[in-house]
Amino acid sequence: MAREDIEFTAQGTTLRGWFYPPEGSAGGEAPCVVLQHGFAAVIQMWLDRYAEVFADAGLGCLVYDHPGFGASDAVPGTPRQEVDPWQQIRFIQHAITYAQSRQDVDAERIGLWGSSYGAANAYVTAAIDRRVKAIAGQVPAISGSRHFRELVRIDNWAGMDAMFAAERRSLAAGGQPTMIPVVAQDPTAVSALPTPDSYQWFTATAQERAPAWRNEVTLLSMEFFRGYEPGRYIPLIAPTPLLMVLAPNDRLAAGELATAAYETAAHPKKLQLLDGGHFDAYTRSGFEISSGAARDWFVAHLLRKA
């Protein structure tokens with residue numbers, strides 16, 4: 001499938017990615033879905049497959065790396081490999097602006113798709129930016145404080161505040177950011193996502209599809225993560241149509257918390273459940289379900305005009 005290498009600049013920062021024109025398009029303005037990935041991932045990690053499914057259904061797709069990740073530049077004054085959700089949300093809004101500026105995009109029919117941490121970002125963006133006309137988010141992070149307690153070993157809790165404070169003092173004094181692995185083979189070792197399925201998915205996917213992926217994030221990424229509560233924005237998304245694709249057995253992003261969060265959303269909304277865990281949304285039969293549900297949602301709310 002044809003795609004165009006793209007870049008756009010905002011806040012002195014250039015982001016890079018791909019634009020997929022809708023399959024069979026004869027030109028003119030078409031709806032566009034903006035896609036962005038989850039925690040520390042890059043666009044080669046299966047986002048192209050989702051974009052291909054959406055484009056094949058007649059939807060334009062904009063796919064890009066978050067600031068400081070993959071091919072995108074870091075925001076001036078901030079390090080690479082730092083997962084700052086509010087910075088990412090601002091750049092989702094910049095990506096929407098870029099999409100709306102394209103002559104082949106209908107500025108009034110913009111959809112938003114995100115996975116995992118990116119789903120959380122998508123929910124927040126849809127709640128605060130009414131340019132989004134339909135949203136789909138899969139296997140989402142819902143509560144940073146809850147997820148943090150479940151992922152970080154209890155014997156490390158007491159020292160985390162001191163570590164974050166020390167890191168801020170070091171950075172203020174001109175020091176370099178402390179880096180930690182995204183995943184580690186030993187689940188008891190310090191890492192951002194200390195689950196066996198996280199290690200398996202990131203290492204296998206990087207080897208197969210994204211050899212330049214870096215297995216590291218800044219220490220402060222974890223402080224930002226702990227303070228991020230995207231689930232509180234879910235009740236504010238309506239009247240924008242919301243699709244939540246959830247895995248109740250998700251142990252990385254607390255699937256039971258996500259299903260409870262769905263109940264707080266107002267209509268129009270739809271729930272699609274997946275078998276398996278967090279990463280089964282990307283592979284096996286889970287991909288067919290997750291991509292198909294999102295495709296149908298966007299077709300219904302963006303492609304079919306009233």
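Here's a quick briefing on the fold and on one strand inside it. Keep in mind that this is a predicted model. The protein chain is built from nine helices and ten strands, and buried residues account for 56% of its 306 residues.

**Overall shape and packing**
- For 306 residues, a compact globule would come out with a radius of gyration near 19 Å, and the protein chain has 18 Å, so the two agree.
- Laid along its principal axes, the C-alpha trace spans about 55 × 40 × 35 Å.
- Take the contacts in the protein chain with a separation of 6 or more: 75% of them link residues 24 or more positions apart.

**Strand 5 and its partners**
- Strand 5 covers residues 105-115, and nine of its eleven residues are buried, so the rest of the structure largely encloses it.
- Strand 3 (residues 30-36) runs parallel to strand 5, and six bridges join them.
- In that pairing, C32 stands opposite I110 of strand 5.
- Strand 6 (residues 132-138) also pairs with strand 5, again in parallel and through six bridges.
- Here W113 is the residue that stands opposite A136 of strand 6.
- If you're tracing side chains, remember that in a regular strand they alternate between the two faces of the sheet.

Key:
Residues numbered from 1 in each chain as written. Predicted model: local features only at pLDDT ≥ 70, side-chain atom pairs only at ≥ 80, totals over all residues. Heavy atoms only, no water. Helix = DSSP H or I, 4+ residues; strand = E, 2+ residues; numbered from the N terminus. Rg over C-alpha atoms; globule rule 2.2 N^0.38 Å. Buried < 20%, exposed > 50% of the residue type's maximum accessible area, 1.4 Å probe, protein only. Contact = heavy atoms within 4.5 Å. Pairing = 2+ DSSP bridges.
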